Amino acid sequence: MVKAIVTLFKALCSNTHPGEIAHAVSIGLLLGLMPKNNLLWYLVFVFCLFVRFNKAAYLLMILFSSAVSVAFDPLFDRLGYAFLTIPSLADFFGRLLDIPFVAFTKFNNSVVCGSFLFGLLLYIPANVIARLLLRLWRRHAVPVLRQTPIIKAIGNLPLIATIAGKVQG
C-alpha cells in the first residue's frame, strides 16, 4: 500500500503523461463502484491490466471508491432497475441469460448494472477533472513543495541524492 502511494506521488510530480493518470482514476472509479462478486468486475479488472496507465492510481482509486460506493447502493439499485426493466430490452436481456457463463457477470442484478452504468457515465467527467487537478497540482503545488525545508533536507541526504541521480541519469 505504501509503495503504491509513493509510486502515485512520484507520478503526480514527474513528467508522466496526465492522460495515463486520468484514465487510471476513471477506470478505478468505475471498478470501485461495482460490487466485486461477479465475473464482469473481474473481466474489466484483468482487461485493464493490459492497458497502459498508472497502476498505482488505478489501485488506489479502486480502494477509495470501493469505500464510498456502499453509500450509493440505493442509487445504483434504482438506476439498474430502471435500465433492466426497459420493455424494448427485455428480449435482449433474456437472450443474454441463455448464453453460457454470461449469467456469471450478474448483469441482471440491479446494483451491478446500475453501478456499472453510473461508472460509465462518470468516466469522462472523472477523466476531465483528474486532468485539471493534475495540471493544477503540477503548476502550483509541486514548486511550493520543492521549496519546503523538509523536502530540501530529504533531498540533501546522501542516499536519496544517489538514488535520485540514478533515476534521473
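Me: Where does F101 lie?
Reply: F101 is in the loop between helix 6 (90–98) and helix 7. This is a predicted model, so local features such as this one are taken from residues with pLDDT of at least 70.

Me: Is F101 buried or exposed?
Reply: F101 is exposed, because its relative accessible area is 60%, over the 50% cut-off.

Me: What about its phi?
Reply: Phi of F101 is near 70°, which is a positive value in a residue other than glycine.

Me: And where is K106, and what is its phi?
Reply: K106 is in the loop between helix 6 and helix 7. K106 is not a glycine, yet its phi is positive, about 55°. At 32% relative accessibility, K106 counts as partly exposed.

Me: Stepping back, how many helices and strands does the protein have?
Reply: The count is nine helices and zero strands. Along the sequence the pattern reads α-α-α-α-α-α-α-α-α.

Me: How confident is the prediction?
Reply: The average pLDDT is 84, and 80% of the residues score at least 70.

Me: Where is confidence lowest, and where is it highest?
Reply: It is lowest in helix 9 (residues 158–168), with a mean of 57. The highest value belongs to helix 5 (residues 73–84), at 96.

Me: OK, packing. How do helix 2 and helix 4 cross?
Reply: The axes of helix 2 (residues 18–33) and helix 4 (residues 55–69) come within 7 Å and cross at roughly 35°. The crossing is right-handed.

Me: Which residues make that contact?
Reply: From helix 2 the contact uses I21, A24, V25, I27, G28, L29, L31, G32 and L33. From helix 4 it uses A57, Y58, M61, I62, S65, S66 and S69.

Me: How many of those are nonpolar, polar or charged?
Reply: By class, the contact of helix 2 with helix 4 has eleven nonpolar, five polar and no charged residues.

Me: What does S65 touch?
Reply: Leaving out residues up to four places away in sequence, S65 touches G28, L29, G32 and L33.

Me: And S69, buried or exposed?
Reply: S69, also found in helix 4, counts as buried because its relative accessibility is 6%. Not counting residues up to four places away in sequence, S69 touches G32, L33 and F76.

Me: Now the largest nonpolar core. Which residues touch the most other members?
Reply: The core has 25 residues, and I27, L31, V44, C48, F53 and Y58 touch the most other members.

Me: Which helices supply at least two residues of this core?
Reply: Helix 2, helix 3 (39–49), helix 4 and helix 7 (110–146) each do. Helix 2 gives the most, with nine residues.

Me: What is V44 in contact with?
Reply: Setting aside neighbours within four places in sequence, V44 is in contact with L30, L31 and Y58.

Me: Which residues does the second core include?
Reply: That one is a separate core of six residues, among them L84, F93, V102 and F107.

Me: How much of the protein is buried?
Reply: Buried residues make up 33% of the 169 residues.

Me: Where is Y42, and how far is Y42 from L31?
Reply: Y42 is in helix 3. Y42 and L31 are eleven residues apart in sequence and 9.1 Å apart in space, C-alpha to C-alpha. At 44% relative accessibility, Y42 counts as partly exposed.

Me: Across the protein, what share of contacts joins residues at least 24 apart?
Reply: Among contacts between residues at least 6 apart in sequence, the share is 75%.

Methods
Residues are numbered from 1 along each chain as its sequence is written. This is a predicted model: local features need pLDDT of at least 70, side-chain atom pairs count only at pLDDT 80 or more; totals for chains, interfaces and linings use all residues. Side-chain values use heavy atoms; hydrogens and water are left out. Axes are lines fitted to C-alpha atoms, for helices over the stretch in contact, and angles run from 0 to 180 degrees between N-to-C directions. Helices (H or I, at least four residues) and strands (E, at least two) are DSSP runs, numbered from the N terminus. A crossing is left-handed if the near helix is turned anticlockwise from the far one by less than a right angle, and right-handed if clockwise. Contact means heavy atoms within 4.5 Å. Ala, Val, Leu, Ile, Met, Phe, Trp, Tyr, Cys and Pro count as nonpolar, Asp, Glu, Lys and Arg as charged, and the others, Gly among them, as polar. pLDDT is the predictor's confidence in each residue, from 0 to 100. A nonpolar core is a set of buried Ala, Val, Leu, Ile, Met, Phe, Trp, Tyr and Cys residues joined through side-chain atoms within 4.5 Å. Buried means under 20% relative accessible area, exposed over 50%, partly exposed in between (1.4 Å probe, protein chains only).
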